[in-house]
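Hi everyone, thanks for making time.

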Amino acid sequence: MAYSLFDASIPVYLHMLKNLAAILEKAEAHAKAAGVDPQSYLDARLAPDMHPLTNQVQLASDAAKSGAARLAGVTPPSFPDTETTWAEVKARVARTIAFVEGVKREQVDGREEATIEIPLPGRTLSFSGRDFLALFALPNFMFHVTMAYGLLRARGVPLGKMDFLNGSQAVAA
């Protein structure tokens, strides 16, 4: 049995989006329990020129929904970047999960050699479906999920490797 483009993409997006949702839940609960303003986490940055947590979540969402849509040959939903609260950030992740869950195997498999173009200011990136996933889409998505994790760890949220890898599953301590 072959490992398909669908297998390498949609389940990965869903697993990590659910882990991101669990990390966000844990972070919000930690802030409240520690008497920390949860908003301070949403505004947190690792460096002055980096995006804060809210934007990292938005960018992870965009990477997942756009990556899945491009692989499926469909238009991704447009989510305006207007989230400012924990409820809105968590809802953004939930909407992204719902969209990605709707992408079907038959939309993705067979598009390994399809041309996927990403217009950027001043140039256009062009990939085969396989290279788009492996060299751009998944690394970009994982970067933003990792940044969200790192921002929260830097603020003292008790997250560990298993929260990142398996946060959506019950993990024994």
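Before the helices, a quick word on terms: an axis here is a line fitted to C-alpha atoms, for helices over the stretch in contact, and angles between N-to-C directions run from 0 to 180 degrees. And please keep in mind that this is a predicted model.

Who makes the contact? On the α3 side you'll find, among them, Leu 53, Val 57, Ser 61, Lys 65 and Ala 69, and on the α4 side residues including Trp 86, Arg 92, Phe 99 and Val 100. Sort that contact by class and you get ten nonpolar, four polar and three charged residues.

Now stay on α4 but turn to its other partner on my list, α1. Helix α1 covers residues 5-34 and helix α4 covers residues 86-101; they pack at an angle of about 165°, with axes 10 Å apart. Over 145 degrees counts as roughly antiparallel, so that's what α1 is to α4. The contact includes Ile 10, Tyr 13, Leu 17 and Glu 28 from α1, and Val 89, Val 93, Ile 97 and Glu 101 from α4. By class, we have 13 nonpolar, one polar and five charged residues there. As for handedness, α1 passes α4 in a left-handed crossing.

If you compare the lists, Trp 86 turns up in the contact with α1 and also in the one with α3.

The largest pocket holds about 160 Å³. Our friend α3 gives the most, with six residues. By class, the lining has seven nonpolar, four polar and two charged residues.

Last stop, Gly 167. Where is it? Gly 167 sits in the segment after α7 (161-166). Leaving out residues up to four places away in sequence, Gly 167 touches Asn 19, Ala 22 and Met 162. From Gly 167 to Ala 98 is 69 residues along the chain, and their C-alpha atoms are 18 Å apart.

Key
Residues numbered from 1 in each chain as written. Predicted model: local features only at pLDDT ≥ 70, side-chain atom pairs only at ≥ 80, totals over all residues. Heavy atoms only, no water. 1 Å grid on protein atoms, 1.4 Å probe; cavity = no way out; pocket = protein on both sides within 12 Å on 5 of 7 lines; lining within 4 Å. Points joined across faces, edges and corners; volume = space filled by probe spheres on them. Helix = DSSP H or I, 4+ residues; strand = E, 2+ residues; numbered from the N terminus. Nonpolar A, V, L, I, M, F, W, Y, C, P; charged D, E, K, R; others polar. Parallel < 35°, antiparallel > 145°, perpendicular 65-115°, else oblique. Left-handed = near helix turned anticlockwise from the far one by under 90°. Contact = heavy atoms within 4.5 Å.
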